[in-house]
Amino acid sequence: MNDFKFTKREKVYLLLAFLVLVMLFISSSMTYHEQKMKPGFIHTYLGWLEELIHKLNIYYAGEWHNVKTDGSAGFTQFVVRKLAHFTSYFFYGLFAYLGLRRIFVIKWTGPIFVWFSSLAFATMDEFHQFLTGDRTPTIHDVMLDGSGAFCAILLAVIFYLIQGKKARKN
């Protein structure tokens, strides 16, 4: 029987994936008002983002979101929150895949396992928000989270496929 051992790099990736999950748990433990960004903060520190997104119209969870409907600060806050969903699960998916990819004998099962684990964590996170006062869980956020993880896993798989082809040529 082979004695499998994680490399130091894989351990770091798994620790980073765990830290992303801890950060998500802490974030979903906070009420909406504890997380709310004040308009002054948004204008001062995220004014550059307001300028980038002021013409966008985003249809999300059955509603249109834009500067006209949400206000400039409200729309910026909406975009920041949704980007946080996507990027946090992007990093979880990336780190978990990089940390676990060698343990799967059948290589295509690794990406699927990590993606399903990200969907499971996203679902649990939304349920946790349901238990937290003043929060609104939504399946749309789970889908956004899963999309972030899927994109990261897909990019990593493509990277390793290209790297494998280059190695076989040499």
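This is a predicted model: local features need pLDDT of at least 70, side-chain atom pairs count only at pLDDT 80 or more; totals for chains, interfaces and linings use all residues.
1. The end C-alpha atoms of residues 12–32 lie 32 Å apart, and this span is 90% helix and 0% strand. Residues 83–100 are 100% helix and 0% strand, with 25 Å between the end C-alpha atoms. Helices and strands here are DSSP runs, numbered from the N terminus, where a helix (H or I) needs at least four residues and a strand (E) at least two.

2. Residues are numbered from 1 along each chain as its sequence is written, and side-chain values use heavy atoms, with hydrogens and water left out.

3. As for the overall picture, the protein has eight helices and two strands, which follow one another along the sequence in the pattern α-α-α-α-β-β-α-α-α-α. Taken along the principal axes, the box filled by the C-alpha atoms is roughly 60 × 40 × 30 Å. Of the 170 residues, 37% count as buried; buried means under 20% relative accessible area, exposed means over 50%, and partly exposed lies in between (1.4 Å probe, protein chains only).

4. A search of the whole structure finds two salt bridges, a salt bridge being a side-chain nitrogen of Lys or Arg within 4 Å of a carboxyl oxygen of Asp or Glu. In one of them, the side chains of R102 and E10 meet at 2.5 Å, N to O. This pair links distant parts of the chain, 92 residues apart, since R102 is in the loop between α6 (72–100) and α7 (109–131) and E10 is in helix α1. R102 counts as partly exposed because its relative accessible area is 36%, whereas E10, at 6%, counts as buried.

5. The side chains of D141 and K82 also meet in a salt bridge, at 2.9 Å from N to O. Here the link runs between helix α8, which holds D141, and helix α6, which holds K82, with 59 residues separating the two in the chain. D141 counts as buried because its relative accessibility is 3%, and K82 is likewise buried, with a relative accessible area of 19%.

6. What form do V12, L15, L16, F18 and L19 take on the surface? They form a nonpolar patch, with about 450 Å² of accessible area together, and F18 in this patch lies in helix α1 (residues 8–29). Patches are made of residues with over 30% relative accessible area and no salt bridge, joining like charges within 9 Å and nonpolar side chains (Val, Leu, Ile, Met, Phe, Trp, Tyr) within 5 Å. Accessible areas come from the Shrake-Rupley method with a 1.4 Å probe, and for residues only the protein chains shown count as cover.

7. K165, K166, R168 and K169 gather in a surface patch of positive charge. Lys and Arg count as positive and Asp and Glu as negative, while His and the chain ends are not counted; the place of a charge is taken as NZ of Lys, CZ of Arg, CG of Asp or CD of Glu. K169 is in helix α8 (residues 139–169), and K169 counts as exposed because its relative accessible area is 76%.

8. A61 deserves a look at its backbone, having a positive phi of about 55° although it is not a glycine. A61 lies in the loop between β1 (58–60) and β2 (63–65), and counts as partly exposed because its relative accessibility is 37%.
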